[in-house]
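Trainee: Could you take me through one part of this structure slowly? I'd like to look at its aromatic pairs and what surrounds them.

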Amino acid sequence: ADAVVNYFDKYDPARASVYDKTMYNQIAVDLPRTNPSLPLFQDESVQLSLHRILYVWGIRHPGTGYVQGINDLVTPFFVVFLREVSGGTEAQVISGEVVKDLTREEMERVEADCYHCLTKMLDLAQDNYVMDMKGIQQKVFRLKRIVARLDEKLVAHLDKHDVEFLQFAFRWFNCLLMREFSMECTLRLWDTYVAV
């Protein structure tokens, strides 16, 4: 809560550094694109909560800062913790109907839990989000090697047509398959990620 007060609530574009302004504005641009098919993430108060989480995370992690894709990574945590705090069903949470009944303290608890989990998860994948995205590039290269062992013809076909694995697999690793599956499938998949 102190970090939100010290960084987000006191944000002043007139006094902010170029880095802080750029990050603040990039998050604002990305928020409407965050799971646009789910009403929950189009709710103004939810977008404010996500902005607070992402901005504070970016300020506290200057080595990587905020980059596109991190906005998607916080959403499964948001659904899980919002469901826990509200007592609503997954359908009620995803529709956004539970948000209007939450107190400020409950929403702050959701934010704090999301921030904590996002931080823990990204601490394990920092190389994915540095400027050169070395971690993602290594994972895509490893994926190509695995696919080549399993299906040489497929890799030869892709190479023949100048289709690079980075062109389609980058997003898979950047967003941990969030954009490829429904929220329901993502939650099940992430439950497996966390359990391992």
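Mentor: The count comes to nine aromatic pairs in this predicted model, where rings of Phe, Tyr and Trp (its six-membered ring) pair if their centres lie within 6.5 Å. Take Y24 and Y55: their ring centres are 5.4 Å apart and the planes stand at 80°, so this pair is edge-to-face (planes over 60 degrees apart; under 30 is stacked, the rest tilted). Y24 belongs to helix α2 and Y55 to helix α3, so the pair ties together parts 31 residues apart in sequence. Helices here are DSSP runs of H or I, at least four residues, numbered from the N terminus.

Residues are numbered from 1 along each chain as its sequence is written, and side-chain values use heavy atoms, without hydrogens or water. Local features need pLDDT of at least 70 and side-chain atom pairs 80 or more, while totals for chains, interfaces and linings use all residues.

Both Y24 and Y55 are buried (under 20% relative accessible area, 1.4 Å probe, protein chains only).

Now the helices themselves. The axes of α2 (residues 18–30) and α3 (residues 44–60), lines fitted to C-alpha atoms over the stretch in contact, come within 10 Å and cross at roughly 150°. The two are therefore roughly antiparallel (over 145 degrees). Contact (heavy atoms within 4.5 Å) involves Y19, D20, M23, Y24, I27 and A28 of α2, and H51, L54, Y55, G58 and I59 of α3. By class, that contact has eight nonpolar, two polar and one charged residues, with Tyr counted as nonpolar and Gly as polar.

Conventions. Axes are lines fitted to C-alpha atoms, for helices over the stretch in contact, and angles run from 0 to 180 degrees between N-to-C directions. Angles under 35 degrees count as roughly parallel, over 145 as roughly antiparallel, 65 to 115 as roughly perpendicular and the rest as oblique. Buried means under 20% relative accessible area, exposed over 50%, partly exposed in between (1.4 Å probe, protein chains only).
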